[in-house]
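Biologist: Could you take me closely through the aromatic ring pairs and the buried surroundings they sit in? I have the sequence and the model open beside me.

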Amino acid sequence: MKRRDFFKIVTASGAAAATGGCQQATESILPLVVPNEQIVPGVASWFATVCRECPAGCGVLAKNREGRIVKLEGNPDHPVNAGALCLRGQAALQGLYHPDRVAGPLMREGSGSFAAATWEAAEKLVAERIGALRIAGKGRAIALVSQLENGSLGVLLDRWSAALGARPRVTLEPFAYEAIRAANRSTFNRDAIPYYAFEDAEVVLSFGADFIETWLSNVNYARTFARMHSFRDGRAGTFIHVEPRQSLTASNADQWVRNAPGTEGLLALAILRVMVDEGMVDRRYGEAVAGIDLKRAADTSGVGLETIKHVAKVFAHAQPGLAVGGGVAVTGSNATESQIAINLLNAAAGNVGKTVRFGPDSAYGKVTPHTEVAALARAMGGGEVEVLVLGPGVNPAFTLPSGLKLADAIRKVPFVVSFSNVLDQTSELAQVVLPDTHWLESWGDYAPREGVLGLLQPTMAPIRDSRPMGDILLRIGRAVLGTEAGKGPLPWPTFEQYVKAAWEPVVKGALEGALRRGGLFTDVAPVTVTAKIAPVEPSPAKLEGDAGGFTLLAYPSLRFYDGRSAVSSWLQEAPDTMTQAVWDAWVEIPAETAGKLGIAQGDMLAIKSPQGSLELPAYISSTLHPGAIAIPMGHRYAPYQRPRYVGADPRSLNPMAILPAASDATSGALAFMSVKVTIAKLGTRRPLAVLQATHDQDHRELAQHVDLGAAREQALRGKPPHGAPISMYPDKQYPGPRWGMAIDVDACVGCQACVVACQAENNVPVVGKASAAYGRQLHWLRLERWAEGKPERPTNLFLPMLCQHCEVAPCEPVCPVYAAYRTDEGLNGQVYNRCVGTRYCGNNCPYHVRRFNWFQYEFPAPLEVQLNPDVTVRQLGVMEKCTMCVQRIIAGKDRARDEKRGVRDGDIVTACQQTCPTQAITFGNLKDDGSAVTKLTHSPRAYHVLEELGTRPSVTYLKKVTRGHA
């Protein structure tokens with residue numbers, strides 16, 4: 001980035017951030033020699049807003065330093081995420097500072113390529129095209145498609161469409177969970193998706209709902225799941241998961257039941273049948289399962305009859321339980337029937353109103369049904385749409401199955417306008433691109449569920465020449481209608497004024513307080529519903545393609561969601577937890593199939609369906625159902641990532657390219673499990689960059705576990721006395737605090753949020769696929785997955801591994817220049833400008849947590865604007881590793897000194913600890929007997945990794961608590 005451009009961003013952003021939450025945005029750029037009183041150099045300002053990386057709508061606090069956002073953290077006051085944030089939320093900064101962000105309006109030339117245009121010219125062209133249609137009485141030829149917007153912007157878009165006589169707005173979300181809505185209409189006569197109270201359940205029974213990854217609200221449900229399941233919180237509930245593939249959610253289950261794809265509903269009915277037959281529930285529910293033959297259900301699903309009976313007994317005796325379903329990967333043509341079966345399970349067990357709560361309903365209930373999306377596609381293909389307006393975050397050419405032929409339909413629309421601020425597969429088809437501001441630069445509001453209304457505000461000035469979609473549509477609408485600001489159906493001069501006008505009756509002059517809190521949060525009274533009991537006839541999912549092929553399980557990516565987050569290099573380099581692969585997509589092949597066909601990991605395979613074919617490298621899975629293969633959704637690359645980080649291979653990585661336009665027969669919802677495919681070796685290889693070579697601990701006891709019964713007994717008896725470590729040297733003395741950390745392996749679900757938060761906080765560079773495959777990744781914190789037991793049904797343990805800050809550190813005595821040293825506060829320090837790069841310390845570290853800068857890594861402009869000014873950017877030849885966020889430790893001590901007090905427990909929170917949805921990480925002073933971290937180190941479950949080496953780590957782990965049987 002040029003020096004002049006940098007100062008433009010800093011000066012404009014500083015003024016905008018200072019005024020954004022309270023008054024009209026600044027009109028002029030003030031030089032820093034005339035400082036704004038709200039901006040203090042070196043002191044961060046925090047602005048509350050709402051994350052829009054997915055429809056979950058978590059609350060966010062944006063850290064502004066000298067006019068630029070350098071870090072995002074969860075808003076502790078927000079009811080959805082309570083201060084936590086997932087890895088996609090942490091990586092949203094990469095979208096804000098993306099090198100490929102559209103620099104200004106684009107208009108397609110006669111040659112077919114885009115050319116830069118002025119805002120006036122672009123808006124005039126759009127207004128003329130829309131105005132001509134309106135004058136001709138063809139308002140229905142105008143279509144507007146947006147992502148899920150249920151706040152002020154959604155209301156404005158609907159008003160804009162009505163004023164111009166356009167078609168009703170289409171709200172497009174690829175993952176809409178329509179089958180849940182349709183089933184609730186049928187069972188409870190309520191068209192809504194309720195709140196699922198995981199925290200109050202004793203037993204959770206999931207039928208393919210990947211609530212730790214992408215289902216509905218993954219941060220919220222991961223947090224509440226930890227409250228019911230973690231031994232630390234005294235609940236130690238039971239989790240049973242039914243799915244053909246061992247997903248990240250399945251790997252956290254106490255009992256994973258591997259079923260044949262598409263038989264989730266059949267299993268739910270079989271479980272209900274057992275509960276009725278054994279007298280565990282009201283006999284009235286026997287009507288719903290009268291046609292269920294348990295033996296046939298067991299044979300069809302591939303799940304043993306004894307397992308079905310066991311699950312039924314566990315679920316029936318829960319006080320209360322919770323059954324959930326409707327995950328995208330298992331949504332087939334029978335999805336509504338499956339969900340009705342799950343509803344009946346909850347109703348029979350008495351869970352409705354307890355753990356299934358209608359009232360605080362999810363925003364997903366306001367997504368446009370897929371039947372209307374398909375109708376719009378047909379209208380576009382038939383020439384009925386002449387102007388198509390696409391909001392930001394809308395990429396149907398990529399996120400919907402190719403069988404719908406959305407891209408072909410869009411090409412037939414004469415005039416397409418896109419508000420995308422990064423060109424994607426759909427905006428590439430537009431005639432005009434009007435780049436919208438990033439959500440961190442925008443006004444707005446969003447309600448992820450009833451009673452939770454989050455408020456968005458600009459946290460800095462726009463990086464590029466972009467403008468809010470609301471502002472543009474207001475101007476275009478007035479130009480078409482021939483009205484001026486203050487008059488007509490669209491009188492508001494700007495969208496900011498529209499938002500403030502909409503909030504005034506709600507906050508009654510207290511808008512500033514709502515901006516500080518991040519919105520308005522109220523309790524919603526529960527709505528009483530009654531279950532309708534009717535026979536359910538389970539039908540197998542209809543699958544197109546070769547009957548002898550493999551069922552394709554296309555599953556949402558924890559890292560990329562539906563593909564909207566794939567432009568982030570942080571997420572590309574964060575390993576997929578289950579495979580540990582980075583910078584590539586893959587096709588999971590059952591080990592049995594791989595053995596029969598002679599497929600090795602990294603072999604290129606052709607996956608063929610009636611819609612086309614994909615070519616992907618193989619990943620051999622010992623857990624996947626032998627009748628299925630699996631491909632993650634959403635994988636794509638941004639232009640700047642090729643060939644900088646990954647090879648310039650033009651082949652598609654997206655399973656949507658081979659899915660048909662299938663739907664659920666009852667609800668009309670999009671069916672993602674809809675096709676059988678064949679696979680064939682291509683004779684070539686593309687080795688995957690897998691960062692963890694083995695998941696076998698080889699008896700090293702790195703990630704340890706203890707049985708639930710033993711854990712309870714140990715908790716009653718306390719930790720046995722432990723002798724002082726034997727040493728020839730006197731103990732290290734700490735005149736001040738001694739910092740340490742405790743990590744609860746039982747609470748860690750493997751979500752990778754801590755990995756990305758650490759990268760964002762500490763200016764960790766991206767190295768790309770080749771260097772990562774070579775073992776040269778620079779993550780200070782890695783999340784290891786260890787598997788124990790039978791390969792086809794292992795027990796998984798997740799171990800966050802970082803510098804252990806050893807008291808007797810093997811890295812320190814071997815450094816010839818004393819770059820590695822022990823601080824007076826118990827940290828293992830690293831002096832960057834003293835390091836000469838011998839790498840002796842890295843070779844001597846038994847934990848393999850020290851990272852070496854093999855190259856002078858770059859931060860492509862304007863990504864360098866995001867760098868944390870409190871953390872040194874390391875250079876070629878320097879060793880680096882976790883510092884336990886020493887910059888936060890210094891800030892915490894300074895704050896306590898300014899307030900003339902000592903540092904209190906909880907004053908200092910590391911980046912990994914702050915973002916963790918399950919609160920598995922605790923940091924504090926080990927010399928403070930009352931601190932949370934000290935209490936955890938005295939837990940009977942506490943241990944140190946490789947304790948036998950005598951390194952005396954400052955990081956204590958707590959053993960995972962396993963259940964001998966669910």
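Modeller: Gladly. Let us start with Tyr943, which counts as buried because its relative accessibility is 5%; buried means under 20% relative accessible area, exposed over 50% and partly exposed in between, with a 1.4 Å probe and protein chains only. Please keep in mind that this is a predicted model, where local features need pLDDT of at least 70 and side-chain atom pairs count only at pLDDT 80 or more, while totals for chains, interfaces and linings use all residues. Residues are numbered from 1 along each chain as its sequence is written, and side-chain values use heavy atoms, leaving out hydrogens and water.

Now to the rings. Rings of Phe, Tyr and Trp (its six-membered ring) pair if their centres lie within 6.5 Å, and planes under 30 degrees apart are stacked, over 60 edge-to-face and the rest tilted. This rule gives a count of 22 aromatic pairs. One of them joins Phe225 and Phe239 edge-to-face, with 5.3 Å from centre to centre and 70° between the planes. Phe225 belongs to helix 7 (residues 218-229) and Phe239 to strand 10, so to speak two distant parts of the chain, 14 residues apart. (Helices, H or I of at least four residues, and strands, E of at least two, are DSSP runs numbered from the N terminus.) Phe225 is buried, with 2% relative accessible area, and Phe239 is buried at 0%.

Back to Tyr943: with Tyr957 it makes a tilted pair, 6.0 Å centre to centre and 35° between the planes. Here too distant parts of the chain are linked, since Tyr943 lies in strand 38 (residues 942-943) and Tyr957 in strand 39 (residues 955-958), 14 residues apart. Tyr957 is buried, its relative accessible area being 0%.

Phe225 and Phe239 are also part of a cluster: ring pairs connect them with Tyr195, Tyr196, Phe198, Phe211, Trp215 and Tyr221.

Several of these names return in the largest nonpolar core. A nonpolar core is a set of buried Ala, Val, Leu, Ile, Met, Phe, Trp, Tyr and Cys residues joined through side-chain atoms within 4.5 Å. Of its 192 residues, Leu72, Tyr196, Phe198, Trp215, Leu388, Leu799 and Tyr957 touch the most other members. The most is given to this core by helix 22 (residues 753-761), with six residues. A second, separate core has 43 residues, among them Leu267, Leu294, Val303 and Val311.

Leu388, from the largest core, has contacts (heavy atoms within 4.5 Å) with Ala143, Val145, Met380, Ile410, Val413, Phe415, Val416 and Val417, leaving aside residues up to four places away in sequence.

Leu267, from the second core, leads us to helix 9, where it is one of the buried residues, along with others including Leu266, Leu269, Ile271, Leu272 and Met275. Helix 9 is largely enclosed by the rest of the structure, because 12 of its 14 residues are buried. Strand 10 (238-242) is part of what covers those buried residues, as are strand 9 (203-207), helix 10 (294-301), helix 11 (305-316) and helix 12 (335-348). Helix 9 covers residues 264-277 and reaches 20 Å from first C-alpha to last, close to the 20 Å expected at 1.5 Å a residue, a span taken as 1.5 Å times one less than the number of residues. After helix 9 comes Gly279, with a positive phi near 75°.
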